[in-house]
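Subject: Structure handover

Hello,

Here is the structure I promised to pass on. Please open it first, then read the notes below.

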Amino acid sequence: MTATLALRQTTEPAPAIVPATPELAWLMAHVQTNRFLPHPPPDSIFVGDGDYRAIGAEFLGHFVRIGRLQPHERVFDIGCGIGRMAVPLTQYLDPERGSYDGVDPVMDGILWCAQTITPVYPRFRFQRLDIAHPLYNPQGSLPGNEVRFGFANQSFDFIIMTSVATHLPPDELVVYLNEASRLLAPGGRLFLTAFALDGQSTGQERLKFRRWGEGPGWYAIEEAPLAAAGIDAGFLLEYTVQAGLTVERLDPGHWRGQSAAHYQDLLLAVKPRGAR
């Protein structure tokens, strides 16, 4: 194996990453610099460190080049936050054929997206789910291990879980993987980022992971374990496959202290053709 983690459960090489075209490079720069695109107030951004627009532009590039996202596809963003992935996608998805649905437990983020993005881009829809989470929604009514998203089977071609697995305990992550598989159409892809611990790296000093009990979970912040949660790479791969998806790649991120195009580890999994 090269940069891909050795625990990839496939004998076939992962499809090559699509090279960045001049059009994609222009679009990413446009997303990052266009002052007319929606941007939430700085003090309302709760989705992590870094530049809101720059990170959105970066991930648009990853979705297209690694995830093979096409403008006509139906996108589902689990943990859409305050639109950091949605805003750049408004410039890429076809306004008549493509679509985007985002869900999140944080009401402020959903309200901003619904009031700011949807009126201009009506095929971008947002809804709040009252999922319990000790950091983001401690009074939530729906336990995380009972989540079922309110869409029909095979409703989507591309499912995003950026910085979601990094805030879930292992049992809830399994539920999300099963839901992603249910919702993907055959040939659809799950694009997920995680801290996937492989026994060779537990992180740099800024993010040093410790095992959470005897299970497959890890934590970096003792007083708030789900603020930065890791998962055994083997567990992530096993349950992705058990959910009915084929793992194409699990590429390490530069949180490990090595060169990479993305910070967290990146998993891309595909719903097999002919699957239900």
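**Salt bridges and one glycine**

Glu73 is buried, with a relative accessible area of 7%. Buried means under 20% relative accessible area, exposed means over 50%, and partly exposed is in between (1.4 Å probe, protein chains only).

Some ground rules. This is a predicted model: local features need pLDDT of at least 70, side-chain atom pairs count only at pLDDT 80 or more, and totals for chains, interfaces and linings use all residues. Residues are numbered from 1 along each chain as its sequence is written, and side-chain values use heavy atoms, with hydrogens and water left out.

Back to Glu73. What does Arg189 form with Glu73? The two form a salt bridge, and their closest N and O atoms are 2.7 Å apart. A salt bridge is a side-chain nitrogen of Lys or Arg within 4 Å of a carboxyl oxygen of Asp or Glu. Arg189 sits in strand β5 (residues 184–194) and Glu73 in the loop between α2 and β1, so the pair ties together parts 116 residues apart in sequence. Helices (H or I, at least four residues) and strands (E, at least two) are DSSP runs, numbered from the N terminus. Arg189 is buried, at 4% relative accessibility.

The whole structure holds 12 salt bridges. Here are two others.

Arg68 pairs with Glu248 in a salt bridge, with the closest N and O atoms 3.0 Å apart. This pair links distant parts of the chain, 180 residues apart. Arg68 is in the loop between α2 (52–65) and β1 (74–78), while Glu248 is in strand β10 (residues 246–251). Are these residues buried or partly exposed? Arg68 is partly exposed, at 25% relative accessibility. Glu248 is buried, at 13%.

Glu179 and Arg182 form a salt bridge as well, the closest N and O atoms being 2.8 Å apart. Both lie in helix α5 (residues 170–183). They are 3 residues apart, about one turn of the helix. Glu179 is buried, with a relative accessible area of 5%. Arg182 is buried too, at 14%. Salt bridges with shared partners join Arg148, Glu179 and Arg182 into one network.

Last, the glycine. Gly61 lies in helix α2. Gly61 is buried, with a relative accessible area of 3%. Which residues does Gly61 contact, leaving aside neighbours within four places in sequence? They are Leu24, Met28 and Ile66; contact means heavy atoms within 4.5 Å. The C-alpha atoms of Gly61 and Pro19 are 9.9 Å apart, and the two residues are 42 residues apart along the chain.

Best wishes
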